Amino acid sequence: MYNQRTPLEEGDFYVNEQGYKVFTEKYHFKRGYCCKSGCKHCPYGYDKKTDSFI
């Protein structure tokens, strides 16, 4: 489950001012799990500072 690629569709990400791809909440839900990387739009409530879900 965790190593499968999730195909990208329109609305799954945007490119920020620094040129990085930023995944949206829509993409994270579609992927189906939290990667614990502290993603900006994490819908699962993960806090990287405390390594816990809030």
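R31 is buried (under 20% relative accessible area, with exposed meaning over 50% and partly exposed in between, for a 1.4 Å probe and protein chains only), yet R31 has no salt bridge, and D12, the nearest side chain of opposite charge, is 10 Å away. A salt bridge here requires a side-chain nitrogen of Lys or Arg within 4 Å of a carboxyl oxygen of Asp or Glu; Lys and Arg count as positive, Asp and Glu as negative, and His and the chain ends are not counted.

This is a predicted model, in which local features need pLDDT of at least 70 and side-chain atom pairs count only at pLDDT 80 or more, while totals for chains, interfaces and linings use all residues. Residues are numbered from 1 along each chain as its sequence is written, and side-chain values use heavy atoms, with hydrogens and water left out.

R31 belongs to helix α1; helices (H or I, at least four residues) and strands (E, at least two) are DSSP runs numbered from the N terminus. The side chain of R31 reaches the backbone oxygen of Y33 at 3.3 Å. R31 also lies over the face of Y33, 4.8 Å from the ring centre. In such an arrangement, NZ of Lys or CZ of Arg is within 6 Å of the ring centre and within 35 degrees of the ring normal. Likewise, the charged end of K21 sits over the ring of F13, at 4.7 Å from its centre.

The whole structure contains three aromatic pairs. Rings of Phe, Tyr and Trp (its six-membered ring) pair if their centres lie within 6.5 Å; planes under 30 degrees apart count as stacked, over 60 as edge-to-face and the rest as tilted. Two of the pairs are tabulated below.

| Pair | Arrangement | Centre to centre | Angle between planes |
|---|---|---|---|
| F23 and Y27 | stacked | 4.4 Å | 25° |
| F29 and Y44 | edge-to-face | 5.8 Å | 70° |

F29 is partly exposed at 49% relative accessibility, and Y44 is partly exposed at 26%.

For C35, the nearest cysteine sulfur is that of C39, 3.7 Å away; C35 is partly exposed, with a relative accessible area of 30%. The sulfur of C42 is 4.0 Å from that of C34, its closest cysteine sulfur, and therefore too far for a bond.

Methods. A disulfide is a pair of cysteine sulfur atoms within 2.5 Å. A polar contact is a pair of N or O atoms within 3.5 Å; within protein, one must be able to donate a hydrogen and the other to accept it, and residues adjacent in sequence count only if both atoms are side-chain atoms.
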